[in-house]
Amino acid sequence: VVVPNDMGPNNLAMWRTFRVGFAGRHSLITNSIIYPVDNNRKLWFIADTGHLLKNLKYCLLNNKTITLPEKFTNANNLSSSVVYCSHLEELAELQENLQLKLTSKIKVDDFSSSTFQKMKVNKAKNFFSRDVSGSLKFITTQDPKKEYQTTALFIEIISKWFTVMTSHTPNLALRKLPRDEVSKNKFEQTIAFLESIIDIFQEMLVGNGTQFKPVQRGVIITSKSVIELSTYLINEKGYVLGGRLTSDCVENIFSCVRAKQPSPNAL
């Protein structure tokens, strides 16, 4: 059984009540408990991936930089370990007046921090898209700014993570078919990728401080739960759709309400 939530104050209080939701640089990850009525089953807790993506976007916008682990930087032969928000702003400004744009996924208006903008998952999805990553990589071929490569790679990784975590079709799902070495290898690679995401978010630094951000905790706990849940279910179902673990159905209701009134009230 999976319990998704948006990491709001009330839901975090629920995590504390169940003694889960603990994750840090050096602490153990607690993302599940024994199912209350069946000791042979578990209750996994995850944060909604749409909310995590929005939080990560505004975490970067507000703090301006994310410093990635040295191990990750060296493994990918990057000249810099810092992801800069300014790189994305420069990309948006560079193509603002161009008729043929590098990408339509990012605009100058996307750097607005208004409450209404924060609520849009699509804005965050566009922000962390392969189109944006590819555009930054293209800039590095035209201008010797190697530090752009770090920002581009981070965005590409987050885009891949979000795709895995929100998959709605078997082709994108975590899958391992019997007597199929290709799907088995792909499944193991995806699990290894999610484990690398946990390592990155445990060690990365947001902004100039060393404070561990809630979005880091959310990504770690959610990725850990999906890894364990997939391993638990994969032999029975053959594949696991990450999109079924989100709170999309509830968010769709909210979208219908906001379509009629962007700032709804109790009435």
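In this predicted model, N77 is exposed, because its relative accessible area is 68% and a residue counts as exposed over 50%. N77 is placed in the loop between α3 (70-75) and β5. Its backbone has a positive phi of about 55 degrees, although N77 is not a glycine. Most residues other than glycine have a negative phi.

K64 also has a positive phi, of about 75 degrees, and is likewise not a glycine. This residue belongs to the loop between α2 (49-63) and β4. With a relative accessible area of 43%, K64 is partly exposed.

Three strands make up an open sheet, in the order β5-β4-β7, and their pairing is antiparallel. Its edge strands are β5 (82-84) and β7 (205-206), each of which pairs on one side only. Between β4 (residues 65-67) and β5 there are three bridges, in the antiparallel sense. Which residue of β5 is the bridge partner of T67? The partner is V82.

Helix α8 (residues 148-165) lies across β4 and β5, and it runs at about 85 degrees to β5.

Attention now turns to T222, a residue of helix α10 (residues 214-237). Is T222 buried or exposed? The relative accessibility of T222 is 1%, and buried means under 20%, so T222 counts as buried. When neighbours within four places in sequence are left aside, T222 is in contact with I46, A47, T49, L52 and M165.

F138 is part of helix α7 (residues 130-142). Because its relative accessibility is 41%, F138 counts as partly exposed.

The table below gathers the accessibility of the residues discussed.

| Residue | Relative accessible area | Class |
|---|---|---|
| N77 | 68% | exposed |
| K64 | 43% | partly exposed |
| F138 | 41% | partly exposed |
| T222 | 1% | buried |

Key
Residues are numbered from 1 along each chain as its sequence is written. This is a predicted model: local features need pLDDT of at least 70, side-chain atom pairs count only at pLDDT 80 or more; totals for chains, interfaces and linings use all residues. Side-chain values use heavy atoms; hydrogens and water are left out. Helices (H or I, at least four residues) and strands (E, at least two) are DSSP runs, numbered from the N terminus. Buried means under 20% relative accessible area, exposed over 50%, partly exposed in between (1.4 Å probe, protein chains only). Two strands pair if DSSP finds at least two bridges between them. Contact means heavy atoms within 4.5 Å. Axes are lines fitted to C-alpha atoms, for helices over the stretch in contact, and angles run from 0 to 180 degrees between N-to-C directions.
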